[in-house]
Amino acid sequence: MWSFFSREKNDFPYEIGDEVHGLESWSIWSLHRGRKKGSTTDEALSIFVYDIKSGTEAKLELARASLKRLKTLRHPSILQYIDSVETDKVLYVATEAVEPLGTHIEKLETDGPQKDLYLAWGIFQITRALSFLNNDGNLRHNNVSVWSVFVNTSGEWKLGGLEYVSAADGNPTPPLKVPPQLELYDPPEKADSAKLKTATKCSTDMWALGCLVWESFNGKMRTRSNLKEIENIPKSLTPLYCELVGALPAKRPNPADIITKCRKPGGFFKNDLVDTLLFLEEIQIKDKAEKNRFFGSLTTQLDNFPDNVCRHKILPQLITAYEYGDAGSAVLGPMFKLGRLLDETEYQKRIVPCVVKLFASTDRVTRSRLLQQLDMFVSHLQPNVVNDQIFPQVAHGFLDTNPTIREQTVKSVIHLAPKLNYNNLNVEVLRHFARLQARDDQGGIRTNTTVCLGKIAPHLHPQVRQRVLVSAFIRAMRDPFPPARVAGILALAATQQYFLLTEVATRILPALCTLTTDPEKSVRDPAFKTIKGFLGKLERVSEDPSLKETMEADVHTATPSLGNAAATWAGWAVTAVTAKFYRSQSDSSRPRPPLTSKTLSKPASLEQPSSSSLSTTTSSVTSMTSLEHESNDTSASASDYGGGDNWDNENWGDMDTSQDPSSPTVGNAMTSSALTPAGGLDIRDGWDNEEWGSLEEEPNEEIEEKHEVEQINDKAKPTMNCNNLSPVSDNNTNFNSNWNSDSWADGEFEPIDDASTGNPKLDEARRKREEKKLQRQRELEARRAARGPLKLGAKKL
């Protein structure tokens with residue numbers, strides 16, 4: 001409840017709320033929560049109240065002296081003054097929202113690395129404030145204790161209790177305190193006039209700082225004899241602590257010397273939290289390389305920092321650093337990680353506007369980082385924000401000349417699909433997917449487009465899904481790139497519940513049977529397994545025709561039921577057949593050149609984009625290459641595909657909003673997040689959710705596929721444990737018989753420069769193949785000679 005104090009002075013623009021208990025026994029002030037009158041925000045502040053009517057004249061002078069010092073002393077580690085007013089009955093002082101350290105420290109965890117780091121940061125701040133007073137202001141505080149130190153919402157310690165501040169060159173005798181129990185923190189030389197003569201300008205405050213250190217690690221101090229108990233004080237701080245509470249005033253260190261000594265390697269103030277917060281305070285004077293190194297290492301350190309410090313201190317600094325500084329995309333990782341600490345309302349207010357602004361950036365590295373970390377914030381994005389502000393920017397990536405951006409854009413659709421409306425998902429996304437699957441010169445991108453289509457199948461409109469899936473997967477099964485053919489097979493298996501049994505018999509099984517004679521065993525094996533699965537399904541229906549309706553229950557439903565019995569008929573599709581995003585094992589040994597935004601004059605197959613090093617790059621790209629829209633690509637329709645590609649005129653490009661079988665209301669409801677479980681993926685489809693890597697390719701390695709065709713079962717299986725995607729050039733003529741030439745019409749691509757000219761690797765590969773061929777021919781001739789000539793009509797025994 002709000003007290004009567006808010007009615008005492010009408011021109012005081014703050015309301016005084018409930019009292020914060022604990023301080024009243026150790027100060028002349030009482031502390032209350034407060035807020036600004038008429039404010040629509042919940043921004044809190046604190047109100048220090050001194051009751052003049054019930055107090056004495058001496059106490060009033062102390063209160064006025066404290067207010068005067070608070071107004072004039074401005075420092076990051078001194079309590080921040082906001083406003084004040086004095087009436088004939090009461091004195092109000094408004095400050096930032098705080099609570100006494102004496103009550104705050106009782107709430108801290110009893111042990112753990114977070115507490116040690118946090119206490120080091122707090123003691124550093126008070127030491128810094130005392131250095132400012134003693135050295136810069138030539139003042140003594142004379143009242144340092146856990147009841148004159150306050151903690152704000154960011155976890156920062158602020159020095160208050162300025163009632164007894166005096167000039168450093170005045171009388172060194174500590175003043176009388178009100179209430180008297182504060183004299184517990186006075187130094188022992190107060191009763192020894194001989195030692196008092198040797199006191200320095202900072203000796204009194206240093207003794208009190210030693211008491212503050214002891215109470216920080218041990219709790220409330222009862223008597224001065226408690227200071228001898230040093231078991232709980234960190235070893236790195238023990239020598240300094242002993243100096244602070246030494247009997248000789250002249251031997252106590254200066255606060256500036258304490259900071260210098262403890263900030264050295266191995267010192268108590270030298271830790272990740274103090275380093276991080278000091279860097280953020282000085283970030284405006286740091287150069288770009290320092291900022292990138294700092295943000296690159298910050299993400300892993302955040303787990304050891306207190307949540308209130310991360311949420312209220314570090315996160316606002318990161319947002320400010322990106323919006324108003326040149327921090328670059330390196331700040332995104334820690335910023336999104338800390339965003340998880342916010343509640344939904346605060347996230348929508350602070351993070352989502354920043355995300356929308358970032359997606360509009362023309363910096364390629366920023367775009368790449370956003371797509372890589374999409375899973376960290378996509379759950380907080382509202383569908384209207386995704387469709388109206390984010391997806392139009394993401395869609396540019398489908399046409400980017402850099403393969404890395406195209407690849408990451410394809411993968412991002414899995415996270416965005418549950419929130420996309422009918423037109424964006426069933427028209428725009430599929431139009432881009434059709435073009436990429438049929439015309440992209442990167443085999444890895446074609447492969448992953450098929451994988452992604454299988455993953456988003458549950459979110460597609462039933463009529464669109466029935467028209468597209470079979471045709472798209474059969475096209476993938478004719479790709480000259482073996483992993484693309486495998487992806488087509490596995491996609492059919494994982495989405496089996498969406499196919500009519502007549503489609504299985506007339507279209508899917510005939511297409512699968514052709515792959516049982518594929519040159520690659522990595523293609524033949526899943527083909528046989530998938531054929532057996534579909535045949536088993538048909539056999540069950542043949543034995544029990546009533547099962548047909550159950551098995552086809554999901555074909556025309558927008559939200560397939562997880563309990564559908566049809567899922568049990570296709571356990572083979574989940575356990576025996578799995579598909580992951582494609583990656584070449586050679587990624588692990590390749591050098592990783594940095595991603596740049598330089599205008600690319602060569603086709604994407606000859607570019608050298610970066611890989612996972614994007615997450616730690618220290619260079620910011622200033623501008624993004626202008627997207628090159630091919631006239632045929634931007635209006636992809638039936639002309640995107642050859643006339644003989646056996647899609648039965650069911651081209652993806654034929655789909656537009658006019659084909660929406662339902663009203664827009666139904667379409668929007670169909671694409672809501674309620675369609676699938678959290679995460680947006682049907683848990684029955686057997687597609688794993690492993691972290692994706694980046695696409696990278698080197699021209700000299702494209703031609704090695706011809707030499708490695710016989711090893712592709714080991715190197716390019718989509719079912720292997722892969723994290724990074726690295727497409728391999730698909731210029732392999734060995735598989736042309738499996739890929740309809742009409743799908744790769746002449747003139748659709750710019751001619752690719754022959755990267756094999758004068759390549760020693762290619763020459764070596766050709767030589768070895770010729771040697772093996774001659775060796776096999778000699779062995780065959782030797783076996784024939786050993787058998788001898790066969791006579792016509794003779795029976796071989």
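Of the 797 residues of the protein chain, 55% count as buried, where buried means under 20% relative accessible area, exposed over 50%, and partly exposed in between (1.4 Å probe, protein chains only). This is a predicted model, in which local features need pLDDT of at least 70 and side-chain atom pairs count only at pLDDT 80 or more, while totals for chains, interfaces and linings use all residues. Residues are numbered from 1 along each chain as its sequence is written, and side-chain values use heavy atoms, with hydrogens and water left out.

**Whole chain**

- The protein chain has 30 helices and 10 strands; helices (H or I, at least four residues) and strands (E, at least two) are DSSP runs, numbered from the N terminus.
- The accessible surface of the protein chain is about 35000 Å², and 51% of that belongs to carbon and sulfur atoms; areas come from the Shrake-Rupley method with a 1.4 Å probe, and for residues only the protein chains shown count as cover.
- Of the contacts between residues at least 6 apart in sequence, 74% join residues at least 24 apart; contact means heavy atoms within 4.5 Å.

**The five-stranded sheet**

- An open sheet of five strands runs in the order β1-β2-β3-β5-β4 with antiparallel pairing; two strands pair if DSSP finds at least two bridges between them.
- Its edge strands are β1 (14-20) and β4 (81-86), each of which pairs on one side only.
- On average, neighbouring strands of this sheet are turned by 30° against each other, direction ignored; angles run from 0 to 180 degrees between N-to-C directions, and axes are lines fitted to C-alpha atoms, for helices over the stretch in contact.
- Helix α1 (residues 57-72) packs on the sheet and touches β3 (44-51), β4 and β5 (90-96). The direction of α1 makes about 145° with that of β4.
- β1 and β2 (residues 30-36) run antiparallel and are joined by five bridges; Ile16 stands opposite Gly34 in β2.
- Six bridges join β2 to β3, again antiparallel, and the bridge partner of Gly34 in β3 is Leu45.
- Between β3 and β5, which run antiparallel, there are seven bridges; Ser46 stands opposite Thr95 in β5.
- Six of the eight residues of β3 are buried, so β3 is largely enclosed by the rest of the structure.

- Two packed helices are described by the angle between their axes and the distance between the axes.
- For α10 (residues 307-324) and α11 (residues 332-339), the angle is about 145° and the axes are 10 Å apart.
- The contact is made by Cys310, Ile314, Leu315, Leu318 and Ile319 of α10 with Pro334, Met335 and Leu338 of α11.
- Helix α13 (residues 352-359) is mostly covered, with six of its eight residues buried: Val352, Cys354, Val355, Val356, Leu358 and Phe359.
- Those buried residues of α13 pack against α10, α11, α12 (344-350), α14 (364-372) and α15 (383-395).

**Lys521**

- Lys521 lies in helix α22 (residues 521-543) and counts as partly exposed, at 44% relative accessibility.
- Lys521 and Pro482 are 39 residues apart in sequence, and their C-alpha atoms are 9.7 Å apart in space.
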